[in-house]
Amino acid sequence: MPLRRRTFLGLAASAVAALWQRAQAWAAPITAQRDPLSSFPTFLNTLLPADSCGPSAVELEVDQELLAQARSQEPFARLLHGGCRWLDTEARALGGVNFVGLGQEQREALVSRAAQAERKTLPREFFEHVRRRAFRNYYGQPTAWLSLGYGGPPQPNGFPDHDKPPPKAEP
């Protein structure tokens, strides 16, 4: 049976579509792995995880705020890229694909190693600078105050009972 042009074109189109789908499936993990800051949100959520008292850093969009700061501050951007590269390299040494692929205990151990690294090293500088900025952004939001039991600043209401003695602490 001879192959007709219409049949040939249909088979060729199907083959091209199948190859395109396969290429897209292969490219997705590679693209995700090549994003130099893909581990950054997970790092922030390791520092400030969600718990029964409050939301995580990413839920309060601290990652977006710090990335915006990095876009306008070249040294901070280099620090973020270097720190995330370090996290992913160390994660691979532990058997993971990257920092995101590690279990919670392994991520916490890696963050502890960064916190205890020698001063003026990349892991320590990354940990300290990101932690300081992340905490400032996180606890600067009223949503995070609830987890601390803080109702907010006294102003504009002031202290209406300023003329009375403070309540006695219960033993």
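This is a predicted model: local features need pLDDT of at least 70, side-chain atom pairs count only at pLDDT 80 or more; totals for chains, interfaces and linings use all residues.

Leaving aside its neighbours within four places in sequence, which residues is T46 in contact with?

1. T46 is in contact with F99, Q104, R107, E108 and V111 once neighbours within four places in sequence are set aside. The residue itself is found in helix α2. T46 counts as buried because its relative accessibility is 11%, under the 20% cut-off.

2. Now the overall picture. The protein chain comes to seven helices and zero strands, so the pattern along the sequence reads α-α-α-α-α-α-α. Of its 171 residues, 32% count as buried. Among contacts with a separation of 6 or more, 58% are accounted for by residues 24 or more positions apart. The accessible surface of the chain is about 12,100 Å², and 57% of that belongs to carbon and sulfur atoms.

3. Helix α4 deserves a look of its own. This helix has 20 residues and spans 29 Å from its first C-alpha to its last, close to the 28 Å expected at 1.5 Å a residue. Its buried residues include F76, L79, L80, W86 and L87, and also the charged D88 and E90. The cover over the buried residues of α4 includes α2 (40–47), α3 (62–72), α5 and α6. After the helix comes G95, with a positive phi near 100 degrees.

4. R78 pairs with E74, with the closest N and O atoms 3.4 Å apart. The two residues are separated by about one helical turn, because they sit four residues apart in helix α4 (residues 74–93). Both R78 and E74 are exposed.

5. Another salt bridge runs between helices. E90 and R113 form a salt bridge whose closest N and O atoms are 2.4 Å apart. This pair links distant parts of the chain, with E90 in helix α4 and R113 in helix α5 (residues 104–116), 23 residues apart. How do the two partners compare in exposure, buried or partly exposed? E90 has a relative accessible area of 19%, so E90 falls under the 20% cut-off and is buried.

6. Among the buried residues of α6 are P123, F126, F127, V130, A134, N137 and Y138. What covers the buried residues of α6 includes α2, α3, α4, α5 and α7.

7. The side chains of R124 and E128 meet at 2.6 Å, N to O. Why are these two about one helical turn apart? The reason is that R124 and E128 are four residues apart in helix α6. R124 is buried, and E128 is buried too.

8. Please also check R133, which is found in helix α6 (residues 122–139). R133 is buried because its relative accessible area, 18%, is under 20%. Not counting residues up to four places away in sequence, R133 touches L66, Q69, Q73 and F76. With Q69, the side chain of R133 makes a polar contact of 2.8 Å. R133 and Q69 are 64 residues apart in sequence, and their C-alpha atoms are 9.7 Å apart in space.

9. My last point concerns the surface. Which residues form a nonpolar patch with about 370 Å² of accessible area together? They are F135, Y139, L148 and Y150. Y150 lies in the segment after α7 (142–145). With a relative accessible area of 39%, Y150 is partly exposed, because that value falls between 20% and 50%.

Conventions. Residues are numbered from 1 along each chain as its sequence is written. Side-chain values use heavy atoms; hydrogens and water are left out. Patches are made of residues with over 30% relative accessible area and no salt bridge: like charges are joined within 9 Å, nonpolar side chains (Val, Leu, Ile, Met, Phe, Trp, Tyr) within 5 Å. Accessible areas come from the Shrake-Rupley method with a 1.4 Å probe; for residues, only the protein chains shown count as cover. A salt bridge is a side-chain nitrogen of Lys or Arg within 4 Å of a carboxyl oxygen of Asp or Glu. Buried means under 20% relative accessible area, exposed over 50%, partly exposed in between (1.4 Å probe, protein chains only). Contact means heavy atoms within 4.5 Å. A polar contact is a pair of N or O atoms within 3.5 Å; within protein, one must be able to donate a hydrogen and the other to accept it, and residues adjacent in sequence count only if both atoms are side-chain atoms. The expected span of a helix is 1.5 Å times one less than its number of residues.
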